[in-house]
Amino acid sequence: PPQVSFTLELEFSCSILLDRAEVTLQATSDSTEVTPEDNVVKLSVPIRYEPDLFLSSNTNLHRYEVHPLGTFTHSSGPEFTTTVKVQNFGCYPVQNVTLHMALPALGHRQATILSVTHVLADNATCVLQPPPEGTQVVPVPPEDLLHVDR
């Protein structure tokens, strides 16, 4: 029997979000058919919307001072603020977005480089927690820290 293949391209509105797309296809003919009941097919497919997320970050401190081994004090250094923003540029809402951030907090001999003083969240829930048990924290060796003469 002859066959016809074609592609349906559907465009959806940003104002109406659908869970499924339902299409009914019907073939007609001037001929007399023995089985006209198979000339109609109904298709139903789930719709999944692609998010358009944009992640940006900004910090107010762009200079970091690292002292040679054995000369650093245990007092805290300058405080700096890092802002992380997640934006949805698409027209479809996005739910249950989870963002994990790992801070490089340990230096040579497990010396603390960074510590979080406080977290401010707008339109989000933030949980500050240590690495899971058994997670290998790789310290930064001193040779990986760039030395700059003054």
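Visitor: Where is the place of Asn96?

Guide: This is a predicted model. Asn96 has a relative accessibility of 76% and counts as exposed. Its place in the chain is the segment after S4.

Visitor: Is Asn123 buried or exposed?

Guide: Asn123 is placed in the segment after S4. Asn123 also has a positive phi, about 60°, without being a glycine. A residue counts as exposed when its relative accessible area is over 50%. Asn123 has 79% relative accessibility, so this residue counts as exposed.

Visitor: How many helices and how many strands are there in the protein, and what pattern does the protein follow along the sequence?

Guide: The protein has zero helices and four strands. Read along the sequence, that gives the pattern β-β-β-β.

Visitor: Which residues form a disulfide?

Guide: A search of the whole structure turns up one disulfide. The cut-off for such a pair is sulfur atoms within 2.5 Å. Here the sulfur atoms are 1.9 Å apart, and they belong to Cys14 and Cys91.

Visitor: How many residues apart in sequence are the parts that the pair ties together?

Guide: The disulfide pair is Cys14 and Cys91. Cys14 lies in the segment before strand S1 (20-26), while Cys91 lies in the segment after strand S4 (82-88), so the parts tied together are 77 residues apart in sequence.

Visitor: What is the handedness of the link of Cys14 and Cys91?

Guide: Cys14 is partly exposed, with a relative accessible area of 41%. Cys91 is also partly exposed, with 37%. The angle about the S-S bond is -60°, and the link is left-handed.

Visitor: Which elements give two or more residues to the nonpolar patch?

Guide: The patch lies on the surface and is formed by Leu53, Leu55, Val84, Val86, Val94, Val97, Leu99 and Met101. Together these residues have about 670 Å² of accessible area. The elements that give two or more residues to the patch are strand S3 (53-59) and S4.

Visitor: Is Asn39 buried or exposed?

Guide: Asn39 lies in the loop between S1 and strand S2 (40-46). Buried means under 20% relative accessible area. Asn39 has 17% relative accessibility, so this asparagine counts as buried.

Visitor: Which residues does Asn39 touch, not counting those up to four places away in sequence?

Guide: Asn39 counts as buried, at 17% relative accessibility. With residues up to four places away in sequence left out, Asn39 touches Leu25, Gln26, Ala27 and Glu33.

Visitor: What share of the accessible surface of the protein belongs to carbon and sulfur atoms?

Guide: Of the 150 residues, 5% count as buried. The accessible surface comes to about 14,500 Å². The share of that surface belonging to carbon and sulfur atoms is 53%.

Note on methods: Residues numbered from 1 in each chain as written. Predicted model: local features only at pLDDT ≥ 70, side-chain atom pairs only at ≥ 80, totals over all residues. Heavy atoms only, no water. Buried < 20%, exposed > 50% of the residue type's maximum accessible area, 1.4 Å probe, protein only. Patch = residues over 30% accessible without salt bridge, like charges linked within 9 Å, V, L, I, M, F, W, Y side chains within 5 Å. Areas by Shrake-Rupley, 256 points an atom, 1.4 Å probe, with all protein chains shown as cover. Salt bridge = Lys/Arg side-chain N within 4 Å of Asp/Glu carboxyl O. Contact = heavy atoms within 4.5 Å.
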